[in-house]
Amino acid sequence: MKPLLRNSRAVEIAVPYILVLIALALAVLMIPGFGSGSHLRAISASAAYIGIIAIGQTVTILLGGIDLSVAYMLNLAAVVLTALQAAEWGNGGVFLVILLGAIIGALNGAGIAFLNISPLVMTLGMNSILQGATLLYTNGAPKGYAPDLATTLSTDSIGIPVVVLLWLGLAIVVTVLLKTTTFGRGLYSVGSNRVASMLCALPIKPITITAYAISGASAAVGAVLLVGYSGQAYLGMGDNYLLPSIAIVVIGGTSIFGGRGSYIQTIAGALLITLAESALVTVHIGNAGKEIMYGVIILLMMFINQLTVLGNPGVGRPSRWRSRHRTGTSRASVGASATP
Amino acid sequence: MIVGPAASPALPRYIPWSRAYIPFALAAVLVLVDIGQRGGNLSHFQILGIANSALPLALVGMGEAIVILTNGIDLSVGAIVGLATGIVAVVDQAAGILGIVAALAAGCVAGLINGLLVSFGRMASLIVTLATGSIFGGFALLVLPSPGGVAPSWLYHATVGSLGAVPVATLWLVALVILGWLILRRTSFGIFLQCLGSSETASWAAGVPTRRTTLLAYMSSGLFAALAGVTLAGLTGSGDPNIGNIYILNAIAVVVVGGTDLFGGRGTLSGTVFGAVVLSLVASVLFTSGLSTNIQYIVTGGIVIAALLAQTIKFRRTGDGFSRLSTWFRRGRTGRVS
């Protein structure tokens, strides 16, 4: 199935943002009081948390991988951060924790790059290991409280919430990193065709390790913000961010098979899902309804993305229709040509 | 046409089984370690505990393995488990077996939806099941908003009680090993599964009903997840819409430890059962050795990574679905493969 719209980067980026605008317009029209200045600030702030956590997910998915260790990467970083604060580290702990996230992420990347372990299992196993580490470290009861820097970053506001400004800054950095540096170009290249990239002598291993280190660091930044928001760390605080972080990347139209998409699209995904969530809260749909709508939105967005820009996913889902329509082959002739 | 040994010289049929050897050996070693730690006597109660925690894990893992064999993934199993426990606990006990039938039917329908979206909608299975997992989780909350309800008491005896000295769960596990072997080695569906995982295009060209097989794979996954939910309802005596959450990632872990290739096409369902036994033995061994139970997560994560590492090194050259497809054709034509 070919996409309806002409494939261009502008269209890819425009589609999710147009949907954000449509959703916003619908919500403003149908729900009284929706879309006031303070309301929009609150929505953008809560989109910022998930958006920042999804930086890493965007980068690893563009690489053709995935990071399932986000949940306990975040939780470990959070408990370490508050413990460092209790040990009088102050704001220095924030940077140390982000470094810790990057190092653990790099370990993920090293396992994937050097040992050839599938990203799914490597990060899944790492998540379990980090869960154990978190429990051992805290012994079930996280100590300490949030450092000032974390509180400032996540709760202060200068007209617009600081966290939104931070998100904007990080978004610019990530976009520049992805679009203009050799690392970014290499990332897209490896994501769209690993073997070809290898034949082109691209440094696949360093790229992989860097990508997962970025993912670890972004989870740690998310931890800093969440700790700042709630004032403390608690066990299981990352559990609610793993699947949404994957969902918003995909909702934005980034291909789950890698090589296509951008962080700009992920921002739209984050805005869309937060908008939908807050709209559902105002109509009192309840927890069950919220979950159901959440799933329906993901499916709907997948469908729209496939219809408009992505077409049918290429890798892993062989294009039997394409081969039939383009070359007029039948099942029999594909079989004949496949037989040596 | 008579196919003699000369016509099929390079079909060592025992090789696919070697994928099940590692989890089996690992389970055996862990049992010995466990017995050693307990000073040589493994009580009935302890076997009961291990088997009871392995059974739901093995059931979810079986379903997940069937999907992974087709080179897909099913993240909605956790929600289906929760939905099934909810249905069993909510339906009136007087209705007898009706609650269980309803739970299994719900699992099948859930799997059917996944399968339709993946095979006919041609969407990525990871995203489809992520989304439907959320939807099924919502329905689980609608059925049973908070943990509670009462599961029929005979369900406890039928799933995790004990029959004389033998825990019923071990009997179910043995039945699962046999069932897994039967599905994968003695049905066309099982062979199609492995073909599909090796190459969907080539399978389609070879006449494998790819859509029907995909659909059936996701339906089986839903059914097995619902069975796990029924078992859990029997074990806990009540329902919990959120009980399935831990099974999402554990199901994948069990499949990997069980020796199935994550990219499909190669693996065993019986190995998955052993994988589940290994993971619950790890918990038991760590518990009896007096180490902090928190280490359990670290060890489990290490085992999962190590199991995959062992696969990438060891099993590159084992037979895939296509060699089995040709075996199946020959068996079909001549009645036997010599």
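Biologist: How many residues of chain B and of chain A are in contact in this predicted model?

Modeller: In this predicted model, 47 residues of chain B are in contact with 51 residues of chain A. Contact here requires heavy atoms within 4.5 Å.

Biologist: What area is buried between chain B and chain A, and which atoms contribute to it?

Modeller: About 4,400 Å² is buried between the two chains, and carbon and sulfur atoms give 74% of that area.

Biologist: How many salt bridges and how many polar contacts does the rule find across the interface?

Modeller: The rule finds zero salt bridges between chain B and chain A. For polar contact, it finds four residue pairs across the interface, with both residues at pLDDT 80 or more. The elements of chain B that give two or more residues to this side are α4, α5, α9, α10, α11 and α13. Of these, α5(B) gives the most, with 13 residues.

Biologist: What kinds of residue make up the side of chain B that touches chain A?

Modeller: That side divides into 30 nonpolar, 14 polar and three charged residues.

Biologist: Why is E12(A) called buried, and why is R260(A) called partly exposed?

Modeller: Buried means under 20% relative accessible area, and partly exposed lies between that value and 50%. E12(A) has 9% relative accessibility, so E12(A) counts as buried. R260(A) has 26%, so R260(A) counts as partly exposed.

Biologist: Where is S245(A) placed, and how do you know whether S245(A) is buried or exposed?

Modeller: S245(A) is in helix α11 of chain A. Its relative accessibility is 0%, so S245(A) counts as buried under the 20% cut-off. Leaving aside neighbours within four places in sequence, S245(A) is in contact with I50(A), I53(A), A54(A) and Q57(A).

Biologist: What makes S245(A) and L242(A) a polar contact?

Modeller: A polar atom of the side chain of S245(A) lies 2.7 Å from the backbone oxygen of L242(A). The cut-off for such a pair of N or O atoms is 3.5 Å, so the distance meets it.

Biologist: Why is S284(B) called buried?

Modeller: S284(B), found in helix α12 of chain B, has 10% relative accessibility and therefore counts as buried. Apart from neighbours within four places in sequence, S284(B) is in contact with D34(B), R38(B) and I50(B).

Biologist: What share of each chain counts as buried?

Modeller: In chain B, 55% of the 338 residues count as buried. In chain A, 54% of the 340 residues do. Chain B has 14 helices and two strands, while chain A has 15 helices and two strands.

Technical notes
Residues numbered from 1 in each chain as written. Chains lettered and ligands numbered in written order. Predicted model: local features only at pLDDT ≥ 70, side-chain atom pairs only at ≥ 80, totals over all residues. Heavy atoms only, no water. Buried area = accessible area lost by both parts, 1.4 Å probe. Salt bridge = Lys/Arg side-chain N within 4 Å of Asp/Glu carboxyl O. Polar contact = N/O pair within 3.5 Å; in protein donor to acceptor, adjacent residues only side chain to side chain. Helix = DSSP H or I, 4+ residues; strand = E, 2+ residues; numbered from the N terminus. Nonpolar A, V, L, I, M, F, W, Y, C, P; charged D, E, K, R; others polar. Buried < 20%, exposed > 50% of the residue type's maximum accessible area, 1.4 Å probe, protein only.
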